[in-house]
Amino acid sequence: MSQDQPKPEASGELVSVFEDGDMILDASAGYHSRRFKVSSHVLCAASNVFRAMFGPNGKFRESRELRTADASTELYVLPIEEDDLDVLQIILMILHHKNSGVPKEIDFEKLVQVAVLSDKYDLAVALRFTASAWRGRWRCKVNRTMSGSDSLADPGYENWLLVSWVFGEAEIFKRLSEILVRAAIINEYDMLDFEDDDLIVPDSVWCGVATKRDAIFDSIFKICKKRLEELEVGSEMGPLCLSYHPSRDLREMCDAFQLTLLKRRLSKAGLLPEDFGRARLMSINYLRDTFISMANQDGFLHSAHADCDASKILRDEVLNLINGIQGLELLDFPSRGASL
């Protein structure tokens, strides 16, 4: 351990979670440590992860050392590092049915840590009912988001995304992942990023967000490129001008004007084909606001060409695409406990 890292206490307080336990979890978090006397059999029954670590047929080092300790007079001690010793203690109390040590309510930060440990140790099933009761208090913090807000959740509650993923709340997960798809950017390290540094996003969910985001950008760029090409070469039916003026020359002039106007607006927004690489760094919300800001103008010469505004037509097509964005389906990105 380097000198810059905090050293845990040599021996923290002993919490006898299970009086007849056969092992000690020696947990450390920064400068603090706490030892928990637990039953390896209870842990194995609650979690496939623990079963692989401590089970009688386990091939991991912990399993072999535990079997060796069973033949001695000393309890097996397993050192572990966790972020929150209080949350770990609460979870161990639940697993060992020590309800007197389990609070009826916990704050949201503790709930997030419960989700982290549940995913780490595959405990979502074992914690199913208690975690459901705890979540009820904090569900109101995403109600506004579920009603159409662009925020991931009320400030300080953005990690509802992780909680919903771990404990299988499909509707909340879908809505929050949709907001993430819309709001994510590409940072200076060429990585997907979000404005909240404390947001915890599982790797599989990040991959899903990135894939969906890329597909939406590809569709938007395809729409922009197609509209420019149509104005440049016209269609098989002739000019795109909607005025139905008998003069083909006048309608072609309208198309030329609309092409120039559209190029100017797209250039200003960084959305010409040669700028697509830079535009992809921005969020979909940024593109949405950019297209919304494309003001309506009369098409050319007089009001007969008002409906020819290529910027308005493009804007409406892109906004229809963006407004139809859906979030990720939890079944496609399940956590261990998402099928609860």
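Helices here are DSSP runs of H or I, at least four residues in length, numbered from the N terminus. All the close-ups below come from a predicted model.

**Close-up A. Arginine 128 sits in helix α6.** The helix covers residues 128-138, and arginine 128 belongs to it. Its relative accessibility is 38%, so arginine 128 counts as partly exposed. Look for glycine 168 in this view too: 40 residues separate it from arginine 128 in sequence, yet the two C-alpha atoms are 9.9 Å apart in space.

**Close-up B. Helix α6 packs against helix α8.** A pair of packed helices is described by the angle between the axes and the distance between them. For α6 and α8 (residues 160-167), the axes come within 12 Å and cross at roughly 150 degrees. With the cut-off for roughly antiparallel set at over 145 degrees, that makes α6 roughly antiparallel to α8. The crossing of α6 past α8 is left-handed. On the α6 side you'll find Ala131, Arg135 and Trp138, which meet Trp160, Val163 and Phe167 of α8. Sorted by type, the residues of this contact are five nonpolar, one charged and no polar.

**Close-up C. Glutamate 82 and lysine 120 join up in a salt bridge.** Their side chains meet with an N to O distance of 3.0 Å. Glutamate 82 is in the loop between β4 (76-81) and α4 (85-95), while lysine 120 is in helix α5 (residues 108-121), so the pair ties together parts that are 38 residues apart in sequence. Glutamate 82 is buried, at 7% relative accessible area, whereas lysine 120 is partly exposed at 39%.

**Close-up D. Arginine 278 pairs with aspartate 275.** In this salt bridge the closest N and O atoms are 2.3 Å apart. Which partner is buried and which is exposed? Aspartate 275 is buried, with a relative accessible area of 9%, and arginine 278 is exposed at 53%.

**Close-up E. Arginine 288 and aspartate 289 form another salt bridge.** Here the side chains meet at 3.1 Å, N to O. Aspartate 289 comes out as partly exposed, at 43%.

Notes: Residues are numbered from 1 along each chain as its sequence is written. This is a predicted model: local features need pLDDT of at least 70, side-chain atom pairs count only at pLDDT 80 or more; totals for chains, interfaces and linings use all residues. Side-chain values use heavy atoms; hydrogens and water are left out. Helices (H or I, at least four residues) and strands (E, at least two) are DSSP runs, numbered from the N terminus. Buried means under 20% relative accessible area, exposed over 50%, partly exposed in between (1.4 Å probe, protein chains only). Axes are lines fitted to C-alpha atoms, for helices over the stretch in contact, and angles run from 0 to 180 degrees between N-to-C directions. Angles under 35 degrees count as roughly parallel, over 145 as roughly antiparallel, 65 to 115 as roughly perpendicular and the rest as oblique. A crossing is left-handed if the near helix is turned anticlockwise from the far one by less than a right angle, and right-handed if clockwise. Contact means heavy atoms within 4.5 Å. Ala, Val, Leu, Ile, Met, Phe, Trp, Tyr, Cys and Pro count as nonpolar, Asp, Glu, Lys and Arg as charged, and the others, Gly among them, as polar. A salt bridge is a side-chain nitrogen of Lys or Arg within 4 Å of a carboxyl oxygen of Asp or Glu.
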